[in-house]
There are 2 protein chains.
Amino acid sequence: MRVKILRSTRNLVQQSGFKGATVSAIAEDANVATGTLYRHFPSKSALFSEIFRTATEIEVRKVAEAIENNTTVTQQLIAAVNCFSKRALTAPQLAWALIAEPVDPIVDADRLRYRQAYADIFEQLIAAGMQSGEIPNQHKSISAAALVGAMAESLVGPLSPPNKANTDKKKPLVTVKDKEALINSIARFCVQAVTGQEYSL
Amino acid sequence: MRVKILRSTRNLVQQSGFKGATVSAIAEDANVATGTLYRHFPSKSALFSEIFRTATEIEVRKVAEAIENNTTVTQQLIAAVNCFSKRALTAPQLAWALIAEPVDPIVDADRLRYRQAYADIFEQLIAAGMQSGEIPNQHKSISAAALVGAMAESLVGPLSPPNKANTDKKKPLVTVKDKEALINSIARFCVQAVTGQEYSL
């Protein structure tokens with residue numbers, strides 16, 4: 001039952017953000033009474049926190065795995081951007097909900113941990129690259145935070161091409177070529193920022 | 001009266017974010033009745049929107065002016081980061097309120113325009129640099145969004161060293177040297193990302 005409620009919540013968030021995941025919508029989707037929902041989760045915030053915890057495990061682990069399969073900092077960064085971007089562009093509403101959607105202060109604390117988990121991965125990657133001499137010395141936690149910010153803003157934030165297309169009622173970013181161009185641009189930005197070397201894919 | 005209400009609101013936001021700027025706190029600070037406040041502004045959101053509009057004019061113009069006083073893309077970017085950072089570190093609560101504090105959907109639309117105004121400046125700067133051949137060709141709106149994200153996250157977001165110090169109850173980032181190191185790290189990240197060249201200050 002607990003799993004069913006979580007699955008319904010995640011589906012609703014994926015469709016229409018945390019805003020769309022009302023208690024009644026979740027209960028209906030999971031085919032349970034709202035009372036049953038509250039027996040498993042003391043509050044909607046507690047349920048949303050669980051969604052964040054799972055996402056932190058799943059999404060962040062995917063990026064960590066993509067990095068592990070590569071050796072140079074450049075290739076690791078490209079793999080991380082590719083992995084994060086493809087998942088974000090496949091489920092943009094979910095990506096936006098996790099990264100940026102305003103919810104409530106309790107959920108914001110979970111979001112902080114979610115963003116921090118990405119930053120931690122980048123910080124390790126940068127630390128290893130500095131130690132091996134592959135990239136110049138830099139303030140690793142600042143570079144890591146800046147990478148998270150750059151990826152979040154350009155891919156899922158309100159200024160990102162996918163969202164701007166949506167807001168401006170322009171044609172959406174649908175073609176595979178558009179998406180590849182977007183991902184490559186962000187990968188290049190991130191690699192250049194950290195390595196200080198011109199990079200063309 | 002209108003100006004007085006706006007000044008009080010801005011002061012309260014600067015002290016404790018939009019959360020601290022309640023109608024009663026604003027009325028008390030401005031020494032007016034709440035009824036008077038509502039005669040000038042139909043809602044708290046309308047008042048906050050005005051705060052955003054003013055900030056968009058003032059803050060964004062400062063950054064635009066800093067850029068205008070420089071010629072190369074590298075120097076322009078450094079000037080922009082310096083200007084944005086110094087203002088953000090001087091009034092961190094205000095910077096956070098404008099860039100990131102969850103408020104309500106109406107205010108979020110104003111925030112989008114605020115962030116977009118910064119992105120527009122960067123986009124122009126990048127376009128000019130590409131045209132003069134000073135920087136490599138790139139997707140200018142993506143680079144611009146990524147710059148805004150990188151600066152916002154590393155300076156005023158929850159992952160930024162000033163805020164992390166606060167959250168982790170570590171010693172705050174107070175010394176001039178700490179602040180300079182932070183600003184230089186972000187400037188370097190941004191310059192390298194856009195120019196593709198190693199840069200040391």
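Predicted model: local features only at pLDDT ≥ 70, side-chain atom pairs only at ≥ 80, totals over all residues.
1. Helix α1 (residues 2-20) and helix α6 (residues 92-99) of chain B cross at an angle of about 85°, their axes being 7 Å apart. Angles of 65 to 115 degrees count as roughly perpendicular, and α1(B) and α6(B) are therefore roughly perpendicular to each other.

2. Who touches whom at that crossing? On the α1(B) side you'll find Arg10(B), Val13(B), Gln14(B), Gln15(B), Ser16(B), Gly17(B) and Phe18(B), and these meet Gln93(B), Leu94(B), Ala97(B) and Leu98(B) of α6(B).

3. Aromatic pairs over all chains number 11. One of them joins Phe18(A) and Phe52(A), with 5.6 Å centre to centre and 15° between the planes, and this pair is stacked. Phe18(A) sits in helix α1 (residues 2-20) of chain A and Phe52(A) in helix α4 (residues 44-68) of chain A, so the pair ties together parts that are 34 residues apart in sequence.

4. Now for chain B. The ring centres of Phe18(B) and Phe52(B) lie 5.6 Å apart with their planes at 15°, so this pair is stacked. Phe18(B) belongs to helix α1 of chain B and Phe52(B) to helix α4 (residues 44-68) of chain B, so here, too, the pair ties together parts that are 34 residues apart in sequence. Both Phe18(B) and Phe52(B) are buried.

5. Together with Phe48(A), Phe84(A), Tyr114(A) and Tyr118(A), they form one aromatic cluster.

6. Last, the contact between the chains. Chain A and chain B bury about 3,100 Å² between them, and 67% of that is on carbon and sulfur atoms. Each side contributes residues to the contact: 37 from chain A and 37 from chain B. Which three residues of chain A supply more of its buried area than any other three? They are Ile142(A), Leu159(A) and Phe189(A), which supply 21% of the area that chain A buries against chain B.

Conventions
Residues numbered from 1 in each chain as written. Chains lettered and ligands numbered in written order. Heavy atoms only, no water. Axes fitted to C-alpha atoms, helices over the stretch in contact; angles between N-to-C directions. Helix = DSSP H or I, 4+ residues; strand = E, 2+ residues; numbered from the N terminus. Parallel < 35°, antiparallel > 145°, perpendicular 65-115°, else oblique. Contact = heavy atoms within 4.5 Å. Phe/Tyr/Trp six-rings, centres within 6.5 Å; stacked < 30°, edge-to-face > 60°. Buried < 20%, exposed > 50% of the residue type's maximum accessible area, 1.4 Å probe, protein only. Buried area = accessible area lost by both parts, 1.4 Å probe.
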